[in-house]
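Let's take a quick tour of a protein model, one topic at a time. Keep the picture open while you read.

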Amino acid sequence: MHSFATFAPPAPVRRMNPYQKAAAEIGVAAADPHQLIGMLFDGFTAAVAEARGALRRRDVSTKCAAIARAVRIVDEGLRAGLDIKAGGALARDLSSLYAYIVKRLTEANLRNDEAALEECLRLMQPIHEAWTAIAPRPATAHAG
């Protein structure tokens, strides 16, 4: 359902110190397509958590940057990667949900609305859990 041809490291990777950046880039390069989507979900969760903390500290610039990162992950990573033709109704439903999450993130940013951030996390959690549950299992060596 997701297309992976044009994956770029998320913004948090670009802002790390050189050692962290190298480790993250190696992780991205070594990841399979399923793992890459999992990394987007993890990045989304981290960005929203950072935004919540910044909101509580009244750190406007960090809040805005974290929410912008979460929006990019959802819109440019998860939503843009959907294959509507192949994915059918499920892909259309996910696209609509992702559009709603982007809208709520934007509202949270404009209104300093922590409840909207929490709503976005609640909406994304079951999708993240389902994605994790369908992870390909490594083939086991068959003795015999």
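A quick definition to begin: a residue is buried when its relative accessible area is under 20%, exposed when that area is over 50%, and partly exposed in between, using a 1.4 Å probe and protein chains only. At 21% relative accessibility, R52 therefore counts as partly exposed. This is a predicted model, where local features need pLDDT of at least 70 and side-chain atom pairs count only at pLDDT 80 or more, while totals for chains, interfaces and linings use all residues. Residues are numbered from 1 along each chain as its sequence is written, and side-chain values use heavy atoms, with hydrogens and water left out.

**Salt bridges**

- Some background first: side chains of opposite charge can pair when their charged atoms come close.
- A salt bridge here is a side-chain nitrogen of Lys or Arg within 4 Å of a carboxyl oxygen of Asp or Glu, and the structure holds 10 salt bridges.
- One of them joins the side chains of R52 and E114, at 3.4 Å from N to O.
- That pair links distant parts of the chain, since R52 sits in helix α3 and E114 in helix α6 (residues 114–133), 62 residues apart.
- Helices are DSSP runs of H or I with at least four residues, strands are runs of E with at least two, and both are numbered from the N terminus.
- E114 has 19% relative accessibility, so it counts as buried.
- R52 also forms a salt bridge with E118, with the closest N and O atoms 3.0 Å apart.
- E118 lies in helix α6 and R52 in helix α3, so this pair ties together parts that are 66 residues apart in sequence.
- E118 is partly exposed, because its relative accessible area is 30%.
- Another salt bridge is formed by E119 and R104, whose closest N and O atoms are 2.6 Å apart.
- This pair links distant parts of the chain too: E119 is in helix α6 and R104 in helix α5, 15 residues apart.
- Both E119 and R104 are buried.

**How α4 and α5 pack**

- Which way do α4 and α5 run relative to each other? They are roughly antiparallel, where an angle under 35 degrees counts as roughly parallel, over 145 as roughly antiparallel, 65 to 115 as roughly perpendicular and the rest as oblique.
- Helix α4 (residues 60–79) and helix α5 (residues 84–111) pack at an angle of about 170°, with their axes 10 Å apart.
- Those axes are lines fitted to C-alpha atoms, for helices over the stretch in contact, and the angles run from 0 to 180 degrees between N-to-C directions.
- Contact means heavy atoms within 4.5 Å; on the α4 side the residues making it include I67, V71 and L78, and on the α5 side they include Y98, V102 and L105.
- By class, this contact has 12 nonpolar, three polar and three charged residues.
- In that sorting, Ala, Val, Leu, Ile, Met, Phe, Trp, Tyr, Cys and Pro count as nonpolar, Asp, Glu, Lys and Arg as charged, and the others, Gly among them, as polar.

**Loops and phi angles**

- As a general rule, most residues other than glycine have a negative phi.
- R58 has a positive phi near 60°, and it is a residue other than glycine.
- You'll find R58 in the loop between α3 and α4, and it is exposed, with a relative accessible area of 72%.
- N112 is not a glycine either, yet it has a positive phi of about 50°.
- N112 is in the loop between α5 and α6, and at 46% relative accessibility it counts as partly exposed.
- A80 lies in the loop between α4 and α5 and counts as exposed at 52% relative accessibility.
- A80 and Y98 are 18 residues apart in sequence and 9.7 Å apart in space, C-alpha to C-alpha.

- Leaving out residues up to four places away in sequence, H34 touches W131, I134, A135 and P136.
- C64 counts as partly exposed at 30% relative accessibility, whereas C120 is buried, with a relative accessible area of 0%.
- How many disulfides are there? Taking a disulfide as a pair of cysteine sulfur atoms within 2.5 Å, the count comes to zero.
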